[in-house]
Amino acid sequence: MVSPRPSFPMLFLLSVMGILSRQAYAEVSENPGLADDCGDKVYLVKDIAESCNSPTNDCDSSVPSHMVGMGGVLYFQAFDGEQKPGGPHGVELWKSNGQAGGTTLVKDIAENSDPKELTVVADTLFFVARETGGVYALWKTNGSEDGTKPVKTLTSASSEFELTALGNTLFFKWEGQGNGTSKKLWKSDGSKDGTVEVKAAGGVEYSNPMFLTALGNQLYFQADNPGSGVELWKSDGTEAETRMVADLVPGLGRGSNPSELTVANGRLFFLAADPADTLGNNGLWKTSGSEADTELIVSAKNSSTLGSLTAADDKLFFTVDDNKELRVYRDGVGAELIRRFSAPISQLTYVNGVLFFSRANELWRSDGSKVGTRLVKEFDTTHVITRIAPGPGLAILVVDRGTDYALWKSNGQTEGTQLLHAYPRRSAVPPTDAIVSTANKLFFVATQFREGSSQYTVGDELYAVDFKDVDCTPPVVTPCADSMTVEALTPEGAQVDYLGTPVTDNSLAPTSMTYTPPSGSLLPWSNTKPFRVSAVARDGVGNQTQCTLDVYVRDTQAPKILCPTEPLVREAEHLAGTPVTYEVPVSDAVSMKKVSVSAPSGSLFPLGKTDVTITAEDGAGNLSKCTLTVDVRDRVAPSIECPGPQTFMVSGTNGGRLELPEAFAQDNLAPPEVSYSPARDSVFPEGETVVTATATDLGGNTAHCTFGVTVVRDGEGVPPEEEKGCGCHSGPLRGGAVWLLLALLPAWARRRAARLEA
């Protein structure tokens with residue numbers, strides 16, 4: 001079989017992708033653009049209507065439509081040929097996983113049941129299908145034939161029910177019970193009895209709900225009330241909370257006719273009549289659900305036509321003056337004019353941080369600023385951009401070239417806007433819808449020609465392309481091989497949070513970095529070898545770049561020594577030395593190798609101050625030193641005992657030198673030095689003198705005592721009783737002793753003269 005070459009008549013793209021912040025986009029925007037060539041990898045999923053193999057162009061097409069993804073599977077309506085017994089089934093519900101064998105009929109509900117409004121609520125797919133007789137019914141499916149069941153018959157030939165999901169509840173509009181043909185709001189939990197009409201609070205009448213829009217736990221919609229006209233309503237599914245939000249043009253009864261309900265930045269924006277505008281133009285409003293916070297934020301000003309409301313994170317883009325002005329609204333800033341164009345702009349589409357739009361044959365982009373709003377690419381003047389839609393981190397463009405279509409991709413840069421595929425036109429009427437993103441694939445409708453011929457081999461059928469074949473370029477990590485250093489905090493190492501690695505990608509899809517081991521892991525320490533972390537950068541479609549990150553977990557902090565700031569004072573115990581014990585805490589957060597001291601605790605320390613050096617070394621070789629001063633002091637005073645009172649007899653009137661007895665002194669370390677005042681060899685005058693004896697030890701401590709010394713002249717003041725006995729006494733001598741003294745006087749005089757000369 002010839003390799004299929006698909007045709008893409010018209011692509012309506014619905015893709016759920018992540019949102020990239022403006023800051024992140026600014027980093028990406030410096031990328032030179034898409035430098036890849038993924039090649040033509042579009043493929044036919046399955047030729048569902050296989051009657052196009054004739055040589056004529058009159059062939060069936062399944063024309064897949066109403067596409068929606070659920071659980072990685074595509075669900076859609078398709079026609080497999082006119083229904084016949086044992087043959088084709090007509091227009092029914094199909095599903096596909098992107099492979100021919102996985103593309104199957106879900107269930108043959110009825111002859112051409114025409115399933116529409118496929119809506120996912122939690123893990124259930126709701127839709128309306130036409131039953132025998134032409135009336136529609138509400139159905140649900142879990143994807144299996146047995147799990148595809150009717151919920152409730154809707155006795156109406158109308159096929160517009162606006163199925164809308166709000167949490168786990170399905171809402172839709174349908175004729176009210178007992179109220180003629182006016183439509184009401186309904187809700188369903190998937191059961192027949194749980195599919196009921198939602199009445200308004202207080203029994204207020206309303207009809208014809210439209211533009212059902214979910215925001216938080218509220219459903220907003222337009223509804224008609226006999227007294228207020230068409231105004232904005234809301235409901236949480238209960239009667240008590242189903243009510244009008246605000247009467248924007250009170251008293252007139254004509255209503256404000258709200259439309260283009262758009263959710264942006266947690267608020268509901270919508271267009272509605274400006275009460276001050278005499279021409280009936282719409283202004284731009286916003287609300288959080290109460291009348292008090294429903295306000296007009298952009299006036300119609302009697303001349304402008306607002307439209308094209310497009311949500312963009314915290315911004316709302318819109319057009320003014322018949323789509324010739326692009327404006328942006330931000331809370332706290334208001335509405336700003338970004339740029340005025342000479343021709344209308346259209347196709348406003350927000351893709352991961354960038355607003356794309358077209359002006360005839362030109363592709364433009366905006367980040368919400370005047371500087372960031374610029375032309376991306378100008379196509380040939382005969383070409384028209386008919387569709388812009390979000391793809392896998394890229395904008396997907398459909399360009400009508402007159403004789404055929406071309407599919408382009410763009411990341412918002414001129415170099416990054418590239419042709420994906422060109423395909424011929426089958427007819428002037430394209431399929432009603434085309435692309436849905438699910439299971440990492442873009443599904444769409446295309447037509448295949450016979451090679452070298454204008455005859456079709458495949459009609460409008462289901463085609464697909466993998467995300468990686470739209471964007472096949474992996475992200476760039478700059479630099480890929482880098483290193484970082486952290487401090488070890490424990491013996492096991494440190495918990496490391498890796499630094500953000502700069503990553504750029506050729507698409508607008510957000511990128512991610514995955515580390516092994518993950519950030520925050522405990523890495524071992526080593527002062528010589530890094531721990532090698534494996535890093536993988538992935539873009540939004542799964543392309544990846546691997547690199548390594550060298551993490552050095554090092555111990556650079558020296559051990560801590562808690563040295564006392566004041567000297568360690570101890571009392572001296574022995575002259576040879578005093579044993580002194582001390583404790584100096586030493587610690588290290590990672591590892592301690594050794595601690596050395598110049599004088600260990602318990603050593604003998606001499607009297608006085610001695611410096612002790614403490615050195616600590618950890619396992620990484622870091623050193624710490626400190627000095628502890630040990631001060632051994634002698635603070636115990638000596639003891640001293642003086643002799644009793646002394647009396648001496650001298651001749652002459654000038655006193656004399658005496659042989660005084662010594663005081664007795666002692667100390668706990670060494671004999672103290674004893675000094676006298678006056679000195680013992682002083683000349684003591686006649687009369688009484690008090691002598692002070694002072695003992696001083698090695699520490700300078702002193703002790704004192706006193707004794708009296710009395711000097712008298714010969715023959716005076718000696719009591720008679722002192723002359724008795726052995727003749728030994730203190731004081732003057734009398735009687736025979738005088739003669740002895742006279743006999744010895746010459747010899748004593750000579751000795752005295754000699755002593756004085758000495």
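The model is a predicted one. The protein runs to 758 residues, of which 47% count as buried.

Searching the whole structure turns up 2 disulfides. One is formed by Cys563 and Cys626, with the sulfur atoms 1.7 Å apart. The link of Cys563 and Cys626 is right-handed, with 50° about the S-S bond. This pair links distant parts of the chain, 63 residues apart: Cys563 sits in the loop between strand S46 (560–561) and strand S47 (568–571), while Cys626 belongs to strand S53 (residues 623–633). Cys626 has a relative accessible area of 11%, so it counts as buried, the cut-off being under 20%.

The other disulfide joins Cys642 to Cys705, at an S to S distance of 1.8 Å. Here the torsion about the S-S bond is about 80°, so this disulfide is right-handed. Cys642 lies in the loop between strand S54 (639–641) and S55, and Cys705 lies in strand S61, so the pair ties together parts 63 residues apart in sequence. Both Cys642 and Cys705 are buried. Another cysteine, Cys547, is buried too, at a relative accessible area of 7%.

Strands S55 and S61 turn up again in an open sheet of 4 strands, ordered S55-S61-S60-S58, with mixed pairing. Its edges are strand S55 (646–650) and strand S58 (673–677), each of which pairs on one side only. On average, and ignoring direction, neighbouring strands of this sheet are turned by 25° against each other. S55 and strand S61 (residues 702–713) run parallel and are joined by 5 bridges. Within S61, Val709 is the bridge partner of Gln646.

Elsewhere in the chain, Ser188 is found in strand S13 (residues 183–188). Its relative accessibility is 1%, so Ser188 counts as buried. The side chain of Ser188 reaches the backbone nitrogen of Gly190 at 3.0 Å. Leaving aside residues up to four places away in sequence, Ser188 touches Phe126, Leu138, Val151, Thr169, Leu170, Phe172, Gly194 and Thr195.

Notes. Residues are numbered from 1 along each chain as its sequence is written. This is a predicted model: local features need pLDDT of at least 70, side-chain atom pairs count only at pLDDT 80 or more; totals for chains, interfaces and linings use all residues. Side-chain values use heavy atoms; hydrogens and water are left out. Two strands pair if DSSP finds at least two bridges between them. Helices (H or I, at least four residues) and strands (E, at least two) are DSSP runs, numbered from the N terminus. Axes are lines fitted to C-alpha atoms, for helices over the stretch in contact, and angles run from 0 to 180 degrees between N-to-C directions. Buried means under 20% relative accessible area, exposed over 50%, partly exposed in between (1.4 Å probe, protein chains only). A polar contact is a pair of N or O atoms within 3.5 Å; within protein, one must be able to donate a hydrogen and the other to accept it, and residues adjacent in sequence count only if both atoms are side-chain atoms. Contact means heavy atoms within 4.5 Å. A disulfide is a pair of cysteine sulfur atoms within 2.5 Å.
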